[in-house]
Amino acid sequence: VQLQASGGGLVQAGGSLRLSCAASGSIFRFYAMAWYRQAPEKQRELIARIINEGTTLYPDSVKGRFTVSRDNAKSTVYLQMNSLKPEDTGVYFCKANIGGNEYWGQGTQVTVSS
């Protein structure tokens, strides 16, 4: 499974970005997908998770601001990020889980200026 994340960039606080993660493989609809963030000098943290039937999970830090979605026909998962804050700055990674295995994308940088 190969994952290609895109959509990061520089945005002012209060702004929005949409990240995309395109996956290879014909059974994407069975993947559990997740977005993680790694801020400078911090551990990688779970930001959003969506399983194959569409159930989502968010930590309190992004709940109400971030929305994860998926398009199984395009084998792509999205992360819509609104009301961005400087503390949302970091490298965002997508991850796929299937059959007990996990696969990571290369990450995309998001920088939120105050």
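This is a predicted model: local features need pLDDT of at least 70, side-chain atom pairs count only at pLDDT 80 or more; totals for chains, interfaces and linings use all residues.

Start by selecting arginine 44 and tryptophan 104: arginine 44 lies over the face of tryptophan 104, at 4.7 Å from the ring centre. A charge sits over a ring if NZ of Lys or CZ of Arg is within 6 Å of the ring centre and within 35 degrees of the ring normal.

Residues are numbered from 1 along each chain as its sequence is written, and side-chain values use heavy atoms, with hydrogens and water left out.

Next, look at ring pairs. Rings of Phe, Tyr and Trp (its six-membered ring) pair if their centres lie within 6.5 Å; planes under 30 degrees apart count as stacked, over 60 as edge-to-face and the rest as tilted. The count comes to three aromatic pairs. Select phenylalanine 28 and tyrosine 31, an edge-to-face pair with 5.6 Å centre to centre and 75 degrees between the planes. Phenylalanine 28 is buried (under 20% relative accessible area; exposed is over 50%, partly exposed in between; 1.4 Å probe, protein chains only), with a value of 1%. Tyrosine 31 is buried too, at 2%.

Return to phenylalanine 93 and tryptophan 104, whose ring centres are 6.4 Å apart with planes at 85 degrees, so this pair is edge-to-face. Phenylalanine 93 is in strand β9 (residues 90–98) and tryptophan 104 in strand β10 (residues 101–104), so the pair ties together parts eleven residues apart in sequence. Strands (E, at least two residues) are DSSP runs, numbered from the N terminus.

Now select cysteine 21 and cysteine 94. A disulfide joins them, S to S 2.0 Å; the term covers a pair of cysteine sulfur atoms within 2.5 Å. The structure holds one disulfide. Both cysteine 21 and cysteine 94 are buried.

Last stop: asparagine 52, in the loop between β5 (45–50) and β6 (56–57). Is asparagine 52 buried, partly exposed or exposed? Asparagine 52 is partly exposed, at 33% relative accessibility. Its C-alpha atom is separated by 6.1 Å from that of tyrosine 31, 21 residues apart along the chain.

How values were computed. Helices (H or I, at least four residues) and strands (E, at least two) are DSSP runs, numbered from the N terminus.
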